[in-house]
Amino acid sequence: MTLAQLKQKLHPFELTLKAHAFLEWPAMTRKEMRILKEVFLSFPSGKPINIFEYGMGFSTIYFAKFLHKNGRDFQMDSLDNNRFWYEKVTTMTRTAGLSKTVHLHLREFVPFWEKNGWDWKTEPRAGAFGPNEKAEQEYIHLPQNLNKTYDVIFVDARFRRRCLEAALKAVSPQGFVIMHDAQKPHYQSATKLYRYSQFIDSGKYFPFARRKYQLWLGSPANPLVDKVAAEFK
Ligand SMILES: C[S@@+](CC[C@H](N)C(=O)[O-])C[C@H]1O[C@@H](n2cnc3c(N)ncnc32)[C@H](O)[C@@H]1O
């Protein structure tokens, strides 16, 4: 192992990610976990909550278990582009006895950083790494193509700006769309499509973290977005 690889392995971000994996927690801050829980609990019990997640992981199982524990009837569709994570979460779903409520989807394609010509140091030409492949388009538009209306759509993986645009066509008027890592400016133009739109500081992912993380909460017509944001200011 090179020194650079060792340094990356021991970076607090990576160590925190490992600790969360050990605890079977999502790859997010504790505050973000509380915000998502509050959004889920804002739905009255007795009526099924339809959830869609772009980017599966420990979040899929963690929030499904949370909803079960809190007596909420729900159905969750979760999507990934990466076979390893799809298979890992498939096993976790079966082990947790969640196969009747959690439905996993795979649209396989390589992430942008594995595409020819990608370079972390250079700003890419607009559209150069956009979604051109069939699987990439199917990934973005899956919520509409499943012909359901969703109460919550969580955007936490590839093509977030495009997913936010697509989510508007599949979320119910009173539903919520949530985007993780919303501090990144190139995701933000799509948030303007939503009548209610709030950026919330996520708190620290690990002690002494310098980067500011934000969660974005939006809805076509639900003013509760403003109330939740004020509560977590
Ligand atoms: C930020 S992760 C999404 C994580 C998931 N929503 C969660 O909070 O647990 C984005 C992508 O990385 C992969 N992934 C999922 N969980 C991961 C983890 N704990 N560590 C590294 N990569 C992960 C999946 O392919 C996923 O689409």
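First, the ground rules. This is a predicted model: local features need pLDDT of at least 70, side-chain atom pairs count only at pLDDT 80 or more, and totals for chains, interfaces and linings use all residues. Residues are numbered from 1 along each chain as its sequence is written, and side-chain values use heavy atoms, with hydrogens and water left out.

Start with H4. It covers residues 58-69. Helices (H or I, at least four residues) and strands (E, at least two) are DSSP runs, numbered from the N terminus. Just after H4, glycine 71 has a positive phi of about 65°.

Now, burial. Buried means under 20% relative accessible area, exposed over 50%, partly exposed in between, with a 1.4 Å probe and protein chains only. Nine of the 12 residues of H4 are buried, so the rest of the structure largely encloses it. Among them are Phe58, Ile61 and Ala64. What do these buried residues pack against? Helices H2, H3 and H5, plus strands E1, E2 and E3. Contact here means heavy atoms within 4.5 Å.

Zoom in on threonine 60, in H4. Its relative accessible area is 0%, so threonine 60 counts as buried. Leaving out residues up to four places away in sequence, threonine 60 touches Glu53, Met76, Ser78, Val89, Val102 and Leu104.

Next, H3 against H4. Their axes come within 11 Å and cross at roughly 45°. Axes are lines fitted to C-alpha atoms, for helices over the stretch in contact, and angles run from 0 to 180 degrees between N-to-C directions. H3 and H4 are therefore oblique to each other. That is the class left over once under 35 degrees is roughly parallel, over 145 roughly antiparallel and 65 to 115 roughly perpendicular. From H3, Met33, Leu36, Lys37, Phe40 and Leu41 meet Tyr62, Phe63, Phe66 and Leu67 in H4.

Last, alanine 190. It sits in the loop between strand E5 (171-179) and strand E6 (196-201). Alanine 190 is buried, with a relative accessible area of 1%. Not counting residues up to four places away in sequence, alanine 190 touches Arg161, Leu164 and Glu165.
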